[in-house]
Every structure is written in structure tokens, then in C-alpha cells.
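Biologist: Before we start, please take me through how such a structure should be read, feature by feature.
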Amino acid sequence: MAKIYRCLVNELGVLWVLSIASITGAVPCDDVISVTLPSSYSVHSGQDVTLQCTFTPMSGDVSRYQVRWQRNAQEYEVEFTSGRITSVLQPAWNGRLSFQSPASLVIAGVTAADSGAYTCGVMITFTDPALCDKANTRYFTKSTILSVLVPVAGVSVTRSRATGHDVTMGDTAYLSCITASGTTPITYTWLLNNTPLQQSGRELTISNIQPNQAGPYRCNASNTISWQQSGTFTFNVLLPVKGVSVARSRATGHDVTMGDTAYLSCITASGTTPITYTWLLNNTPLQQTGRELTISNIQPNQTGPYRCNVSNSISWQQSGTFTFNVLLPVKGVSVARSRATGHDVTMGDTAYLSCITTSGTTPITYIWLLNNTPLQQTGRELTISNIQPNQAGPYSCNVSNSISWQQSATFTFNVLLPVKGVSVARSRATGHDVTMGDTAYLICITASGTTPIAYTWLLNNTPLQQTGRELTITNIQPNQEGPYSCNVSNSISWQQSATFTFNVLLPVRGVSVTRSRATGHDVTMGDTAYLICITASGSTPITYTWFMNNTPLQQTGRELTISRYTTKPSRTIQL
């Protein structure tokens, strides 16, 4: 069988169209042409690829033929007619296509977009019915797959299912490994702190994320021809505010002296900054902010309770309370009488003193002093049993608490002695005798008794007008002999003295002699005669001395007895 071939080259010299001049022998149309094309091509992006399509006339004569390349069912199409490009439906192919005999397509600088299924079609028009059982135009095709292998490039890590780097501790976070290009399949390897993780896949799931899982994260992306590592991605794992408490700062304990400056610190066990602090006193917000609260010149109404509210971008928590014990220094210390008023107290009674403070935080210690000498008794009240004058005072108390002390002014009792040992005695003279008409003096004596003392004189239990400690009796008369007594009193007691009686001596007056036991002057010689000495007045005892002719007789007594009276001349008897 004879064959004649003719080669036509277009003016660009890039397209080849093979025309068969003559083919002898009538054959079935399906057997006229045999088209061959490899089933697939794999090529790196940027390279040139030749899709080698050939056809062989099997029999008969072909007047002319046309080659048509299609991609993905006419998504892109290029036609070659008589060695010329007659149609290009895909603009991206312009300038990148050439034709290689007999029907191959050359694509320069392939890209991933060039991947797909390509069909090489040879269209032959039969003009001689003898060459084909059907004299018409027949289309013969063969397909191949072009895989443009793109190296992995533009690998980066970004947050997925959320934005930004902030994530709350305990939440689930997602990262996505992004590639700008790269032929699939792509393998992803995740790394934390450059240590590979077990998870694979384009998305990384981090459940219950903790601060030690913040990052940095990377991903290695690889395909059959390349690999690339991303830059890092680090989460800002936000810790919710927890473990909020208030504690004393710059000092310890709850005690603080009134007027001092106190400091409180708001403590958090955890919590991502920035943190906002709000202070409250009695649940009322204060103007001060910040982690530390300064309380200047602290007063009792600022003891507390204090709280702090702590918040960050994801949570807030309130602390428990803190209360100061504002210690008041001891002030206004004084001593006052208790259970009674005034300074007067009766000797022997029980007296009580109280140590008073206008301010001062308890516990308070009391030390009592008498004449600046500490006493054994302690406590706010001092008990003085059976008080005596040497216990009158001065008393003072020292008061102290944990931060200060102060001593009081003094307090002195007026220990009142009850009137005792009251008696009446002669003054300015001794004894009880007093001559009638003289001035006599009595004094009211007290063994003890607090002044002022009032004296009341009594004669025969009848009060006299005179007062005072001494009683003056002018021109004393027998009816003023007594008995005298005095009542003595002071503010707490009184006592009456025993009595005192004068012996008012009357001078002998109105002395005369007269006959006794008989009358007249006549008497018989030898008889016994009696004379009596009569006094008009005169205090006993009275002494009688008888005289006869101015010569004292031996007989004494008020009556003179003259026995065996003689007849001698009468005698004159004198007293």
C-alpha cells in the first residue's frame, strides 16, 4: 500500500499539520486513524510540558485533518487547522502554546491552573468514499491527565474559628496551617516549642488550653516535591481572676493605731494582666484604685470590712473581707468616786474609786497608786476597805493598752472621823468647886471627830443658848451647879458627853448664936446649957470655932454644950 505524506509549517514555524495526500484501499472509517497519548503527565510548575499526541493513518487517503485540544470538557480549547492556531478559548494560554508535529501540544511555564484532563482530537474529512465506508468528517480523540506539581509555599499559622491571640485558659483553641500554594496531598506536622505533636491535619485542636500551651506553634507542610515551615503563632492564654484575697501590706496583723496610715493589698492567685482593682468599704466603692489601698489617718469608722473586686478582660472575682482593729490610744484618764459622790467618806467605811478613760482600745491595764506608790490591787475599780485617815490619798491610776499609757490626776478623800470620846471638863481652873458669883468655865472635849464640829450645851438636859467648845457661866449661882453636858456633832455623827456638876460654894453669912434646946437667956446654975451657931448661908462643910471672951474653946461643931453651969457672971460666947 502506497503512502504519500506532506508537511505544512505555518509562518510561525510552531504548528504542524500533517495532511495525508492519498491512502489507497477502502477500510472501515473507525480503522483509518489511530491516536496515541500517554495517560498522564506529572510536571513541576514553571516547567514546559509537551503533551505528545500522535496519530497514524491506518488505511485509505485523507485529504486533510484538523487537531483540537480540549481541557476539562471545553473549559479551555485550542484548535489547529492546517498548521495554524485558529482558536484559543482560554486567554491564559495565549503566548504559551505551540504545536508539535504531528498533533502534540506544548505548554510553556505550566502553573497549577493548567492541571486537568486534556483531550487530543484529530478531525479528518474524507473526500473519497473509497477511503471510508462513510464519506464525511470523522473525529478521533485520546485523553490524558496533566498534574502540575506545585511546591509548598506561603506556609503560615493562623487562628481558626476565632480571631486574635487571646484565649481563655481552659477553652478549646484552634489553629489552621495555611499554604499559599502546594499540590495536594499535603502533609501537616504541628510543633510546639519545636517539638512535634501527635496531632496532624491542617487544623490543630488544643483542648483545655493551659498557659504552658501558649506556644510558639509552627506547622511543617510538605507534599511529594517540597516542604516548608511556617512562622510561629503564640496564644495569649488569659487566666481568669482567681484566689482573690485582701491582706495587710507594709505591716502584719489587724491592729493599727488610730491616726496611723494603714495599707491593704489585693492579692490574686492567678489572672492575666491588665487587672483592674476596685476597693470597697462596707460594700461601698472607694475612689482609690490599684492593687494597694492607702488609708491615711485611720479612724474607728474606717475599721472595715474592706473588700476588693478584681477583674480582667475575661472574668472578675470579689475577695473576702478584711477588718482592722483600730487601736485607740488611752486618753482622758481620770479618777472619780464610784458608788458614791463627793470626797467625804467616814473612817472605817469602804470607799470605791473608778479609773475613767474617755478613749482607749481594750484590753486596758490599770495600776493604782497611793502617794505615787503602786498598790497591789488592779482593775478599773479600787476598793478601800475600812478606810483610815492615812488612806485619804492622793490616789492616781496609770492606764495602758498595747499602744500607749497615761496617768490620771490625783484624787484625795476627806476621811471623816466620827465624833468620839466626848467629855466635859473644867477649864481655866480645876475641880468642881466654884464660889458663888464667880465665873466658871467648862470645855467640851472630843477624842476624835472631823471638823467642823458643832457643840450644844445642856443644863439639866435643857439646851443652853451658848454654843462653842467652851461654856462660860458668869456669876454662877447654886441653881447653876449642873449637871452640865454637851452634844457634839459633825457631818457624820454625834455624841453626848457625861455630865459635869459644879459645887457652888456659898460664903458664910448671917452667923449668929442662939440658945438651943431651950429659950431665953436664963439658965439655972449647975444645969447644962446649949448654944447653937446659926448661919444664914454658907456651903458645907462649915467649920465652927467657939470663943468665950475671944478665947477659942476646944469644942467644935455647930452646937456648944456647957455642962454644970456656974453662977459666975454670965459669959459671952463667940463663934
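Modeller: Let us begin with accessibility, where buried means under 20% relative accessible area, exposed over 50%, and partly exposed in between, using a 1.4 Å probe and protein chains only. This is a predicted model, in which local features need pLDDT of at least 70 and side-chain atom pairs count only at pLDDT 80 or more, while totals for chains, interfaces and linings use all residues. Residues are numbered from 1 along each chain as its sequence is written, and side-chain values use heavy atoms, with hydrogens and water left out.

Biologist: Does Arg517 count as buried or exposed, and what is its salt-bridge partner?

Modeller: Arg517 counts as exposed, because its relative accessibility is 61%. A salt bridge is a side-chain nitrogen of Lys or Arg within 4 Å of a carboxyl oxygen of Asp or Glu, and Arg517 forms one with Glu559, the closest N and O atoms being 2.8 Å apart. The two lie in distant parts of the chain, with Glu559 in strand β54 (residues 559-562) and Arg517 in the loop between β50 (512-515) and β51 (529-534), 42 residues apart. Strands here are DSSP runs of E with at least two residues, and helices are runs of H or I with at least four, numbered from the N terminus. Glu559 is partly exposed, at a relative accessible area of 26%.

Biologist: How many salt bridges does the structure hold?

Modeller: It holds six, and one of them joins the side chains of Arg161 and Glu203 at 2.8 Å, N to O. Arg161 lies in the loop between β14 (156-159) and β15 (166-168) and Glu203 in strand β19 (residues 203-206), so this pair ties together parts that are 42 residues apart in sequence. Arg161 is exposed, with a relative accessible area of 62%, whereas Glu203 is partly exposed at 29%.

Biologist: Over the face of which residue does Arg161 lie?

Modeller: A charge sits over a ring if NZ of Lys or CZ of Arg is within 6 Å of the ring centre and within 35 degrees of the ring normal. Arg161 lies over the face of Tyr174, at 3.9 Å from the ring centre, and the charged end of Arg428 sits over the ring of Tyr441, 4.0 Å from its centre.

Biologist: How should I read the disulfides, and how many are found?

Modeller: A disulfide is a covalent bond between the sulfur atoms of two cysteines, and here the criterion is a pair of cysteine sulfur atoms within 2.5 Å. A search of the whole structure finds five, including one that joins Cys53 to Cys120, S to S 2.0 Å. The torsion about the S-S bond of Cys53 and Cys120 is about -85°, so this disulfide is left-handed. Cys53 lies in the loop between β5 and β6 (54-57) and Cys120 in strand β12, so the pair ties together parts that are 67 residues apart in sequence. Cys53 counts as buried at 0% relative accessibility, and Cys120 counts as buried at 0% too.

Biologist: Which handedness does the link of Cys355 and Cys397 have?

Modeller: That link is right-handed, with 65° about the S-S bond. Cys355 lies in strand β34 (residues 351-356) and Cys397 in strand β38 (residues 395-400), so the pair ties together parts that are 42 residues apart in sequence.

Biologist: What should I look for in the nonpolar core?

Modeller: In soluble globular proteins, nonpolar side chains tend to be buried together. A nonpolar core is a set of buried Ala, Val, Leu, Ile, Met, Phe, Trp, Tyr and Cys residues joined through side-chain atoms within 4.5 Å. Of the 24 residues in the largest one, Val49, Leu51, Trp69, Ile107 and Leu146 touch the most other members, and the largest share of this core, four residues, comes from β12. With contact meaning heavy atoms within 4.5 Å, and leaving aside neighbours within four places in sequence, Leu146 is in contact with residues including Tyr41, Val43, Val49 and Ile107.

Biologist: How many aromatic pairs does a search of the whole structure find?

Modeller: It finds eight, where rings of Phe, Tyr and Trp (its six-membered ring) pair if their centres lie within 6.5 Å, and planes under 30 degrees apart count as stacked, over 60 as edge-to-face and the rest as tilted. The rings of Phe322 and Phe324 have their centres 5.2 Å apart and their planes at 75°, so this pair is edge-to-face. Phe322 is buried at 6% relative accessible area, and Phe324 is buried at 4%.
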